[in-house]
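Here's a quick walk through a model, with the sequence and structure shown just below. Have a look at it first, then read on.

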There are 2 protein chains.
Amino acid sequence: MSLLDKFKQKDKVALSKIITLVENQSPGYQNLLAQVYPDTGKAYRIGITGPPGSGKSSLVDRLTFNISNQGKSVGIIAVDPTSPFTGGALLGDRIRMQNLTTLENVFIRSMASRGSFGGLAKTTKEVSLVLDAFGKDYIIIETVGVGQVELDVVDTCDTTVVVFVPESGDSIQAMKAGLMEIADIIVVNKSDREGAESMVFELESILDLKRGKIGWEYPVISTQAVNNIGIEKLLQKIFDHRQFITENGFFEKHRKEQIKSEIKKLIEHKLKEITEKRVEKIFDIEKIVEKVLARKDDPYSAAERFLKEANLS
Amino acid sequence: MSLLDKFKQKDKVALSKIITLVENQSPGYQNLLAQVYPDTGKAYRIGITGPPGSGKSSLVDRLTFNISNQGKSVGIIAVDPTSPFTGGALLGDRIRMQNLTTLENVFIRSMASRGSFGGLAKTTKEVSLVLDAFGKDYIIIETVGVGQVELDVVDTCDTTVVVFVPESGDSIQAMKAGLMEIADIIVVNKSDREGAESMVFELESILDLKRGKIGWEYPVISTQAVNNIGIEKLLQKIFDHRQFITENGFFEKHRKEQIKSEIKKLIEHKLKEITEKRVEKIFDIEKIVEKVLARKDDPYSAAERFLKEANLS
């Protein structure tokens with residue numbers, strides 16, 4: 001039986017293998033994706049992001065248990081930032097999710113962000129398609145929110161949950177602003193900590209600027225993931241958000257936009273490859289660099305010349 | 001007299017106007033850059049980055065005074081993260097640099113990061129070229145290090161200084177790792193604060209992993225910018241680093257790489273524009289999106305078809 005046949009018969013080993021092929025962008029992986037594509041589009045994608053140490057893993061853990069208990073299947077993609085020095089994961093907190101592996105309808109995959117500097121692993125979107133095709137009802141993408149990555153999460157997920165903990169410091173203040181912009185739901189985790197109440201108050205007042213625009217409430221929810229407090233409420237708000245975006249058409253609109261940008265990105269990526277080759281063929285790039293360095297040429301004129309010579313302008 | 005003529009006669013108003021044209025990517029700005037390009041390549045670029053609140057502005061202030069006193073001219077580009085809610089700058093600390101404006105050989109330009117989410121303003125590299133062509137001996141690019149932005153700084157600058165302050169919290173720990181990777185020189189500012197000594201110790205031990213590879217010492221320098229302590233030492237280390245990279249050829253190698261990637265980026269950018277137009281012309285993209293959404297088509301096959309139809313594959 002082929003790998004794809006096994007996959008279609010819900011073989012977990014086949015699922016793992018296909019994810020690895022996609023993650024490594026092995027030869028033929030796009031063909032594989034094209035083949036599973038007809039089975040996608042059914043899963044609902046939840047993004048969980050926030051600063052390191054905010055307890056995202058515990059929260060994902062609890063949410064998954066809850067969803068699983070309702071008879072729904074869950075695929076988790078946990079994106080670990082890779083340390084630039086060791087090449088390994090920066091945070092060792094995935095171990096907390098081990099108890100989930102005993103659940104039949106839960107599948108967990110850790111992905112390293114591979115030096116893309118906090119960035120969502122490049123193939124996260126594709127891996128979520130594989131989990132979708134496998135038949136998962138929910139896909140939870142967990143990632144550390146330290147920059148550009150959060151925008152990628154939003155682009156991939158239907159509902160984005162941003163997790164904060166009562167913590168002070170100028171650095172966190174700046175991070176907060178960016179994270180708040182992408183949140184559909186805000187969680188204050190470890191809400192038994194000092195400063196939790198005033199944090200909720202602060203977040204509420206920032207969110208007032210955002211509220212009322214589209215009719216979504218942007219709720220702030222206090223949780224204590226390790227004590228299983230506030231999880232049901234959070235899940236209910238996720239379901240509410242799903243209903244909200246489904247009813248008003250945001251869901252379909254967003255999915256369409258994603259497909260459009262995906263097609264464009266694929267084309268651009270291929271064009272980039274083609275360009276690389278043509279640049280090397282048509283252009284003696286090293287010689288031009290020497291000339292530009294000596295200020296006998298400039299990058300703008302060089303680019304124009306290339307496009308003309310390659311009949312692309 | 002034309003704007004360019006005035007610019008060449010060191011007219012500061014003309015400089016400001018040209019920077020604005022470049023920053024807004026006004027029609028013809030690339031032509032303008034091509035025209036000033038022959039006069040570039042003389043300025044030395046220093047990048048200053050770090051978490052918000054680490055005192056980067058004060059540090060830049062002091063460094064600039066020092067360099068200016070040595071009879072050298074300085075151009076400062078201060079990149080302000082734009083608040084996603086207000087559209088204004090997140091941090092209001094630029095005001096500290098006002099006293100620099102009285103110096104004849106110093107020019108300051110603030111740039112907003114324009115919602116690129118902490119990203120270095122897109123045209124920072126181009127603006128630094130304008131300052132270079134104007135004849136500035138040093139260009140200091142100051143930016144908040146909250147993500148992808150730092151990699152951009154490295155790519156633009158010859159020497160990168162990362163500024164920390166004694167501050168705790170998990171979020172900062174994670175940020176630190178990424179920032180340390182790009183640093184040529186590390187500063188512990190506000191070194192009179194509690195925890196400064198242990199921070200220096202910690203940074204030193206992390207840096208030991210990096211040291212010895214290329215022969216650069218990666219110094220950690222304690223400063224108190226507001227009290228003008230440690231600034232001369234920092235400046236000396238910047239000069240040392242300049243000498244180091246100049247003598248071993250890293251400087252020229254880096255500049256060549258920048259030119260190469262700049263040409264490629266310009267080509268890719270134009271190709272993207274061309275693709276956009278062709279996609280609209282050849283492809284009924286909306287119709288394809290509908291079909292993909294209905295799972296009667298998939299993005300991978302659609303992209304392949306486009307490239308074939310456009311004779312690009």
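## Two helices that cross

A word on terms before we start: helix axes here are lines fitted to C-alpha atoms over the stretch in contact, and angles run from 0 to 180 degrees between N-to-C directions. Keep in mind, too, that this is a predicted model.

With that in hand, take helix 4 (residues 56–69) of chain A and helix 9 (residues 231–247) of chain A: they pack at about 70°, and their axes sit 10 Å apart. Angles of 65 to 115 degrees count as roughly perpendicular, so that's the label for helix 4 and helix 9 of chain A. On the helix 4 side, the contact uses A:R62, A:L63 and A:N66, while helix 9 brings in A:I231, A:E232, A:L234 and A:L235. By type, the residues of this contact split into four nonpolar, two charged and one polar.

## The nonpolar core

Which residues touch the most other members of the largest nonpolar core? That would be A:I140, B:I140 and B:V187, in a core of 136 residues.

Setting aside neighbours within four places in sequence, A:I140 is in contact with A:I46, A:I48, A:V60, A:L63, A:T64, A:V74 and A:I76. One of these, A:L63, also turns up in the contact of helix 4 with helix 9 of chain A.

## Chain A as a whole

Stepping back, chain A has 12 helices and seven strands. It runs to 313 residues, 43% of which count as buried. Among its contacts with a separation of 6 or more, 70% link residues 24 or more positions apart.

Key: Residues numbered from 1 in each chain as written. Chains lettered and ligands numbered in written order. Predicted model: local features only at pLDDT ≥ 70, side-chain atom pairs only at ≥ 80, totals over all residues. Helix = DSSP H or I, 4+ residues; strand = E, 2+ residues; numbered from the N terminus. Buried ≥ 20, exposed ≤ 12 C-beta atoms within 10 Å, placed from the backbone. Contact = placed C-beta atoms within 7 Å. Parallel < 35°, antiparallel > 145°, perpendicular 65-115°, else oblique. Nonpolar A, V, L, I, M, F, W, Y, C, P; charged D, E, K, R; others polar. Core = buried A, V, L, I, M, F, W, Y, C linked by C-beta atoms within 7 Å.
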